[in-house]
2 protein chains.
Amino acid sequence: MATVRRFSRVVTQRLGALNDEYLARPRPLGASRVLYEVGEAGADARTIRSRLGLDSGYLSRLLRRLEDEHLVTVEHDADDHRVRVVRLTEAGRAERAELDRRSDELARTLLDHLDPDQRGRLIDAMATIERLLTAQLVEIAVEDPTSEAARFCLQSYFAELDDRFDDGFDPDMSIRAETEDLVPPAGLLLVAWFDGHPVGCGALKFHGRGPAEIKRMWVSPSLRGLALGRRMLRELERAAAEAGATAVRLETNQRLVEAIGLYRASGYREVSAFNDEAYAHHWFEKVLAGRDDA
Amino acid sequence: MATVRRFSRVVTQRLGALNDEYLARPRPLGASRVLYEVGEAGADARTIRSRLGLDSGYLSRLLRRLEDEHLVTVEHDADDHRVRVVRLTEAGRAERAELDRRSDELARTLLDHLDPDQRGRLIDAMATIERLLTAQLVEIAVEDPTSEAARFCLQSYFAELDDRFDDGFDPDMSIRAETEDLVPPAGLLLVAWFDGHPVGCGALKFHGRGPAEIKRMWVSPSLRGLALGRRMLRELERAAAEAGATAVRLETNQRLVEAIGLYRASGYREVSAFNDEAYAHHWFEKVLAGRDDA
DNA sequence: CCGTTTCTCTGACTAGAGTCAGAGAAATGG
DNA sequence: CCATTTCTCTGACTCTAGTCAGAGAAACGG
């Protein structure tokens, strides 16, 4: 606990001071944040607003300022004349590059005066912290399986199976779980979100009071090793219990060794095949602890 | 570099958001900082000002506010009627405890939702980062050997020698280096500072153009393992070269194994005894690279 | 004892970062 | 086509966190 407090103090002070020093530009920080959020491709005002959590009046003024400085152009959207599209000008792109440069310089300052060994330790520790703190920012929520995010996850999942299985993976050869099977009351789909992007999924198919089936467990490669799979599994079990299921079952392929390890570690017991899934080598089941009031 | 940038982003966001959430009190942050800085024992307004780097007018107003909230009392100093002494009231103490409690809660939040293994890794990584970043905040400066800070360092140094040497350490049995030997032009004393406290020292005795003597190398136990000794040694060598010395020498005790390792790693060559220091087992010398313009 | 310095306080001002209400224009739903 | 909703903008505020100049009282130095 004391370590955490000291860490907070030192890091916020040091990082804060450096941030102020390096990212100081002849404009308020809010304006710089907007400049950054616009991005190369341009962005709608409302997108910027929701991502940075700004008041519409406030953003309007910040944009006016950036416009006055000739860093961005603000135009009406061609389709919807209410929305405003913000785009970087040449000068805006340069300013953004300057911010990047300073941010790099800031990073370099942190590594300054360290010998190679210390530098290595610092970077390792930073990576560890970043990943562990990132894990806590991931949110899991029910998602409609036809949404863009859901389709992204499912496609990534299939692509990975195709890549890892010995003979590839063809969804048509596998037991289907159509989108209508993954919406209540037939089932549900959970998607893990990080920083506005989908980074994992997991689905359930209910069978009345019989065991619910767990399907489509996938975590983005960029966020593996953060025990996200474990969290997703817990959430699925909770959802299954809530829907009245007394057990969950699933089947998996021998190539998915991490998944198999996760199931075993999470109290899943290997059982004999309960279906004829072509790609499965292992079948697992877990009895869910009844709720207190059940 | 990318790791460092990602770390900065994630940590400032997460820590910043939590800070705002947990340390939010019905008063500006500045007032809370002052409340904290007052401490149990009370403090002078000018001390608070210099430590927090506040404008006198600004502090005056913050104190007025805290006084209005009955969290502190502000009185004239008995000896010097110009200075104002700030003390916590009972309510102020309670509010300060509340801040502590919230700060702890914040720390706990960071560890939330992690399994014991992840928690251990996070704490280790935090300790590493805190120490490495701390090391960069240490400043080394010339100090008068009669100052309080200098006496603290020298006494800590002697106490440690007494503790570690086989037969203890008695300054009277050792070659003397009096305070007058450690001020220019006879020599100098460097003190390492961190967070307003002295955390290490190192001294030089000049002998004209002959080898300068390095004495009194000490680093506070709380900051060991941060290569501070190495930095101190480099600073001493630089100072010796600046004073016209072409080499530095030193003697040391067999018990000070880290120091001996440091000297060897820093290019020091063991030489035969050049003095009759009673406590010494090893004598070292290093020829200083001439300056380019010499 | 007198000029200078130190310490605090007051008044006047600024910039950043928002919040809130309402107006106006465009899109949408029935 | 008309009411409602969505999106942006403007004006009027607020709070925080300062800065700066000057005044007044006390202490200090010679």
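This is a predicted model: local features need pLDDT of at least 70, side-chain atom pairs count only at pLDDT 80 or more; totals for chains, interfaces and linings use all residues.
How many residues does the contact take from chain B and from chain A?

Residues are numbered from 1 along each chain as its sequence is written, while chains are lettered from A and ligands numbered from 1 in the order in which they are written.

**View 1. Chain B meets chain A.** The contact takes 36 residues from chain B and 36 residues from chain A; two residues are in contact if their C-beta atoms, placed from the backbone, lie within 7 Å. On the chain B side, the elements that give two or more residues are α1 (2-22), α5 (90-111) and α6 (116-137) of chain B. Helices (H or I, at least four residues) and strands (E, at least two) are DSSP runs, numbered from the N terminus. With 14 residues, α6(B) provides the largest share of this side. By class, the side of chain B that touches chain A holds 19 nonpolar, ten polar and seven charged residues. Here Ala, Val, Leu, Ile, Met, Phe, Trp, Tyr, Cys and Pro count as nonpolar, Asp, Glu, Lys and Arg as charged, and the others, Gly among them, as polar.

**View 2. The surroundings of DNA strand C.** Look for 23 residues around DNA strand C, the closest being A:P28, A:G57, A:H81, B:A45 and B:G57. A residue is near a molecule or strand if its C-beta atom, placed from the backbone, lies within 6 Å of it. Two or more residues each come from α2 (29-38) and α4 (56-68) of chain A, and from α3 (45-52) and α4 (56-68) of chain B. The most, six residues, come from α4(B). Seven nonpolar, six polar and ten charged residues make up this surface.

**View 3. The surroundings of DNA strand D.** Around DNA strand D there are 23 residues, of which A:A45, A:G57, B:P28, B:G57 and B:H81 come nearest. The elements giving two or more residues to this surface are α3 (45-52) and α4 of chain A, along with α2 (29-38) and α4 of chain B. For DNA strand D, α4(A) gives the largest share, six residues. The surface near DNA strand D divides into seven nonpolar, six polar and ten charged residues.

**View 4. Helices α2 and α3 of chain B.** These two helices, α2(B) and α3(B), pack at an angle of about 120 degrees, and their axes are 10 Å apart. Axes are lines fitted to C-alpha atoms, for helices over the stretch in contact, and angles run from 0 to 180 degrees between N-to-C directions. That angle is why α2(B) is oblique to α3(B): angles under 35 degrees count as roughly parallel, over 145 as roughly antiparallel, 65 to 115 as roughly perpendicular and the rest as oblique. In this contact, B:R33, B:V34, B:E37 and B:V38 belong to α2(B), and B:I48, B:R51 and B:L52 to α3(B). The contact has four nonpolar, no polar and three charged residues.

**View 5. Helices α1 and α5 of chain B.** Between α1(B) and α5(B) the packing angle is about 145 degrees, with the axes 10 Å apart. From α1(B), B:L18, B:N19 and B:Y22 meet B:R102, B:E105, B:L106 and B:T109 of α5(B). Three nonpolar, two polar and two charged residues form this contact.

**View 6. The sheet of chain A.** Seven strands form an open sheet of mixed pairing, in the order β4-β5-β6-β7-β8-β10-β9 (chain A); two strands pair if DSSP finds at least two bridges between them. At the edges, β4 (139-142) and β9 (269-271) of chain A each pair on one side only. Three bridges join β9(A) in the antiparallel sense to strand β10 (residues 282-287) of chain A, and A:V271 stands opposite A:W283 in β10(A). Helix α7 (residues 148-164) of chain A packs on the sheet, touching β5 (187-194), β6 (197-207) and β7 (210-219) of chain A.

**View 7. A parallel pair in chain B.** Strand β7 (residues 210-219) of chain B runs parallel to strand β8 (residues 247-252) of chain B, and two bridges join them. Here B:E213 stands opposite B:R249 in β8(B).
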